[in-house]
Amino acid sequence: MSIINDEKKDILTMAIETSCDETSVAIVKNGREVLSNVISSQINLHKKFGGVVPEVASRKHIENINLIIQQSLEEAKVSFSNLNNIGVTYGPGLVGALLVGLSSAKALAYALDIPLIGVNHIEGHICANFIEHKELKPPFITLVVSGGHTHLVHVKDYGEYEILGRTRDDAAGEAFDKVARSLGLGYPGGPIIDKLSKKGNKEAIDFPRAYLESGSYDFSFSGLKSAVLNYLNNTKQRGEKYLVEDVAASFQQSVIEVLVNKAIKACKEKNSDILAIAGGVAANEGLRRLMDKKCKENNIKFKYPSKVLCTDNAAMIGCAAYYDYLKGYRAELSLNAVPNLKLGNK
Ligand code: KG4
Ligand code: ZN
């Protein structure tokens, strides 16, 4: 079943995303046309702490949000009165950070007397592919790999998800960030490791690949993280040196081989000829290269969003909100933040 916009008029969504360390507001037309996608990143603020400090993040969102809302309207050349609905991330994420976006969205929905749509952040990541690939329609298999989540999902229809597997411990991006930290590389670690990997030998160190029980689509990255730490400590204790580039490349290869093999297996088992990746780690060039190769070998169409739509942004939330809106989903003004919201739970 596909849902259709019966209203035959343009639907303008303002979307607000504040679940972690990006304050972002977008204006999206008919779900897939991005009129503006303003992203104010707090990365420089959190860098000195080696990760996101929740209290600092909430305070910065409060400082920024009204400015970013205004900027998104100006860039899109629309005014409040043109908006048909407001979409907002209400979970998962940091509770204090989520509440900033949620409070602003509720105030706007109330004042403008338009529907409020609560969006699941992970669902937003998946929808980034709808913006990038205008022809993309469910069903397909998607791999969501971000700083907080690693999910392998069968997208059966708009808003209909069968979760095939998820991480049992660290998310893929979290593993990148933690390994980068132990190598003294700074935050966020993913893009730095990605860049260093290009200069390293991915076969230099044989780090473990966690496939778990046969047939499982779950992931686990904490063992790999410990293996990297042990390698670094043992090498130092022996008074030997290691090449940071080789550690980065070998670690990255361990992560991406497991991600790629499980995603391809899911496509075959579900008879899907489309695989879409999403989330911050979907920006990883090593992952994109290997996934592209394996998809070609298996006659699977491989989709990924542009880098700006991989990491947190409000346009992807606007897209998810649009499909919820067409399905008739409306949130109450009492909607609360749900820090551990699961995919598929409205
Ligand atoms: O999707 P995202 O912006 O936020 C969450 O919802 O978590 O993802 C951020 C994560 C961070 O862990 C970051 O290190 C990782 O995505 N990341 C990457 C790359 N760019 C961002 N990981 C690997 N390679 C990259 N190029
Ligand atoms: Zn995210």
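## Ligand 1

Of the 19 residues around ligand 1, those that come nearest are Gly147, Asp177, Gly190, Asp194 and Asn284; a residue counts as near if one of its heavy atoms lies within 4 Å of the molecule. The structure is a predicted model, in which local features need pLDDT of at least 70 and side-chain atom pairs count only at pLDDT 80 or more, while totals for chains, interfaces and linings use all residues. Residues are numbered from 1 along each chain as its sequence is written, chains are lettered from A and ligands numbered from 1 in the order in which they are written, and side-chain values use heavy atoms, with hydrogens and water left out.

On its own, ligand 1 has 560 Å² of accessible area, of which the protein covers 89%; accessible areas come from the Shrake-Rupley method with a 1.4 Å probe, and for residues only the protein chains shown count as cover.

## Helix α5

Helix α5 spans residues 172-182, and its buried residues are Ala172, Gly173, Ala175, Phe176, Val179 and Ala180. Seen down the axis of α5, these residues fall within an arc of 160 degrees, so they line one face of the helix. The arc is taken from the directions from the helix axis to the C-beta atoms. Buried means under 20% relative accessible area, exposed over 50%, and partly exposed in between (1.4 Å probe, protein chains only). Helices (H or I, at least four residues) and strands (E, at least two) are DSSP runs, numbered from the N terminus.

After α5 comes Gly184, with a positive phi near 70 degrees.

## Salt bridges

The count comes to 19 salt bridges, each being a side-chain nitrogen of Lys or Arg within 4 Å of a carboxyl oxygen of Asp or Glu. One of them joins Lys301 and Asp273, whose closest N and O atoms are 3.0 Å apart. Lys301 lies in strand β10 (residues 301-303) and Asp273 in the loop between α8 and β9 (274-278), so the pair ties together parts that are 28 residues apart in sequence. Both residues are partly exposed, Lys301 with a relative accessible area of 44% and Asp273 with 38%.

Lys307 and Glu285 form another salt bridge, 2.7 Å from N to O. Because Lys307 lies in helix α10 (residues 307-310) and Glu285 in helix α9 (residues 285-297), this pair ties together parts that are 22 residues apart in sequence. Lys307 is partly exposed at 38% relative accessibility, as is Glu285 at 30%. Within α9, Glu297 and Lys294 are three residues apart, or about one helical turn, and their side chains meet in a salt bridge of 3.9 Å, N to O. Asp170, Glu174, Lys178 and Lys225 are linked in a network of salt bridges.

## Three further residues

Leu259 is in helix α8 and is buried, with a relative accessible area of 0%. Leaving aside neighbours within four places in sequence, Leu259 is in contact (heavy atoms within 4.5 Å) with Leu143, Val145, Thr150, Phe219, Phe221, Leu287 and Met291. Its C-alpha atom is 10.0 Å from that of Ala210, 49 residues apart along the chain.

Asp218 is in the loop between α6 and α7, and its side chain makes a polar contact of 2.9 Å with that of Arg168. A polar contact is a pair of N or O atoms within 3.5 Å; within protein, one must be able to donate a hydrogen and the other to accept it, and residues adjacent in sequence count only if both atoms are side-chain atoms. Glu17, in strand β1 (residues 12-17), is buried at 0% relative accessibility. A polar contact of 2.6 Å joins the side chains of Glu17 and Ser19. Beyond four places in sequence, the contacts of Glu17 include Thr89, His121, Asp312 and Asn313.
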